[in-house]
Structures are given as structure tokens and as C-alpha cells.
Amino acid sequence: MGSTMEPPGGGYLHLGAVTSPVGTARVLQLVFGCTTFSLVAHRGGFSGVQGTFCVAAWGFCFALSVLVVACEFTRLHGCLRLSWGNFTAAFAMLATLLSATAAVIYPLYFTRLECPPEPEGCTARNFRLAASVFAGLLFLAYATEVALTRARPGQVASYMATVSGLLKIVQAFVACIIFGALVHDSRYGRYVATQWCVAVYSLCFLATVVVVILSVLGHTGGLGCPFDRMVVVYTFLAVLLYLSAAVIWPVFCFDPKYGEPGRPPDCPRGSCPWDSQLVVATFTYVNLLLYVADLAYSQRIRFVPTF
């Protein structure tokens with residue numbers, strides 16, 4: 001009678017979820033994430049858009065890390081209607097990017113060696129320094145998981161664990177940075193050419209998100225054409241589109257005929273359209289390189305669609 005209650009894979013609890021190298025990295029993520037969030041919320045403090053972003057990033061990563069560890073430990077991920085390998089690989093890469101960004105932004109805006117004036121005083125300074133240290137450790141914990149779970153040559157793995165899959169997350173993240181700069185008074189609506197660049201960023205971002213969602217949901221096998229071939233074609237088109245934006249955007253923003261080749265001297269810090277245009281141009285080239293690298297890798301990978 002008792003044997004009918006045992007799951008096919010052994011015990012109900014999977015101890016390897018917390019004792020394996022990947023499991024240890026995930027436990028450290030919980031410890032470092034909770035510590036960082038608690039230090040900032042208790043006495044470290046945060047304010048403005050930068051502080052809100054850091055706290056939101058740490059809270060989001062911690063919440064999903066709890067979900068991942070809980071599902072792995074109890075084996076409940078088998079009941080979820082998604083490709084668990086793709087989901088965990090995509091989340092680990094996204095959490096690495098978010099935690100890395102927060103680990104840079106928080107010390108840059110909030111941490112100083114000198115003590116702030118009362119009532120914050122040296123206690124707040126010490127909490128902020130400690131939070132900055134644990135934020136760096138949190139980034140290392142997520143980066144370790146990505147390194148441990150990344151697909152090796154010849155290894156059967158889910159798509160999001162391959163270099164091409166991981167690059168999809170980075171591409172979408174960089175696109176979000178571009179969108180943030182665009183809405184921050186970049187004046188992209190002045191010319192049809194710069195509007196075309198915005199359309200390029202939007203189309204490539206949406207297509208990348210669709211690829212990630214299909215992989216995470218495990219629906220790549222139900223398409224009319226092979227998924228790996230479709231990814232190669234889409235990536236090739238994205239390279240061409242980003243190449244056009246990499247040429248058009250700098251011309252219509254920094255050429256003397258259409259824009260400003262240098263930063264205007266009377267442009268205020270923090271609200272200068274030229275700064276936003278420079279950020280967009282820089283990350284346009286970053287994403288172009290990412291798509292080129294993706295194209296090179298996506299032609300060679302083979303993966304199990306619903307792994």
C-alpha cells in the first residue's frame with residue numbers, strides 16, 4: 001500500500017536541489033538577496049528612481065528564487081505547464097543582469113565613505129556599505145548559476161541554457177535600456193529616420209520576447225517550421241535591422257546637418273536630450289554585436305524543444 005504513494009523518482013523531497021553545486025548557488029542567492037534587501041529597507045535607505053529600481057530588482061529576484069528552490073525541493077515543477085529547464089536558465093540570466101545593474105547603481109548613488117548628516121549618520125553609511133557588499137555577492141551567486149547550467153558543446157540541454165538562448169535575455173535587457181533612454185527626452189520624433197530606428201528596436205525586442213516565451217512554455221515543437229531554423233532567420237533579419245539603425249541613428253542625432261556633434265554647453269545634467277541620444281547610440285552598437293554573436297552561435301546549436 002505504501003509503495004503506491006512514492007513518486008517514480010524516489011522521495012518526495014529532492015535534497016539535491018539544495019546540496020548540489022547549482023542548489024548551493026541558489027541557496028546563497030536567497031541568503032544574499034534577503035540580506036541585501038533587509039539592510040537597505042532597515043537603515044540603508046533608498047530614494048528616487050535609482051533606489052526604487054534597485055529594491056524592485058532585488059525583490060523580484062528574491063521572490064522568483066524562492067519559487068525556483070521551492071519547486072525544485074518539492075519536485076512540484078513537474079506539475080507546471082512550462083519547460084522548467086528553459087525557465088530556470090532564462091531567469092538566472094535575467095537575475096544576473098538585474099543584480100549586476102543594482103550592484104553598480106546602489107553604491108554609485110547611495111554609498112559614501114564619509115558619514116551623512118544626522119539623523120542618518122554613520123549607522124546609515126555602514127548599512128549602505130554592507131548592502132553594497134552583499135549586492136555584489138548576490139550578483140556573483142546568480143552568475144555562478146549561469147556558469148554551472150550553461151550548455152556545453154555536445155551536451156543535450158534546453159534552448160535557453162545555450163549561448164544563443166542566454167544572448168536572447170541580454171538582447172532584451174539592452175533593448176529595455178534603449179527604451180528607457182528613448183522616453184527620457186531623446187527627441188526621436190523629430191525625423192522619420194529616427195522613428196524607423198525606434199520601430200527596429202521595438203520589432204526586434206518583441207520578436208526576442210516571443211522566442212523566450214515560446215521556449216519557456218515549451219511550445220517550440222508545435223510551430224510550422226523547425227524552431228532552430230526560424231531562430232536563425234529571425235536573428236539574421238535582426239542583424240540587418242540593427243545595422244540600419246546603427247547607421248541612421250548617429251547620423252540624425254550627431255551630424256551637424258541634423259543634430260549636435262558634441263554635447264551642448266547649456267544642456268543641463270540629467271535632463272539633456274543629447275545624453276539620451278548618446279546612450280541609445282551606444283547600446284544600439286552593443287545589441288548589434290550581440291545579435292551578430294547570436295547569429296554565429298544559433299547556426300550550430302541543437303536542442304531538445306521541451307527539455
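1. Helices α6 and α7 cross in a left-handed manner, a crossing being left-handed if the near helix is turned anticlockwise from the far one by less than a right angle, and right-handed if clockwise. Helices are DSSP runs (H or I, at least four residues), numbered from the N terminus. The contact (heavy atoms within 4.5 Å) involves residues of α6 including I169, A172, F179 and L182, and residues of α7 including V198, Y201, F205 and V212. Helix α6 covers residues 163-183 and helix α7 residues 192-217; they pack at about 145 degrees with axes 9 Å apart. Axes are lines fitted to C-alpha atoms over the stretch in contact, and angles run from 0 to 180 degrees between N-to-C directions.

2. The model is predicted: local features need pLDDT of at least 70 and side-chain atom pairs pLDDT 80 or more, while totals for chains, interfaces and linings use all residues. Residues are numbered from 1 along each chain as its sequence is written, and side-chain values use heavy atoms, with hydrogens and water left out.

3. R187, in the loop between α6 and α7, has a positive phi of about 60 degrees although it is not a glycine. Most residues other than glycine have a negative phi. R187 is partly exposed because its relative accessibility is 46% (buried is under 20%, exposed over 50%, partly exposed in between; 1.4 Å probe, protein chains only).

4. R75 also has a positive phi, near 65 degrees. R75 lies in the loop between α3 (48-74) and α4 (84-110), and its relative accessibility of 31% makes it partly exposed.

5. L237 is in helix α8 (residues 227-254) and is partly exposed, at 45% relative accessible area.

Note on methods
Helices (H or I, at least four residues) and strands (E, at least two) are DSSP runs, numbered from the N terminus.
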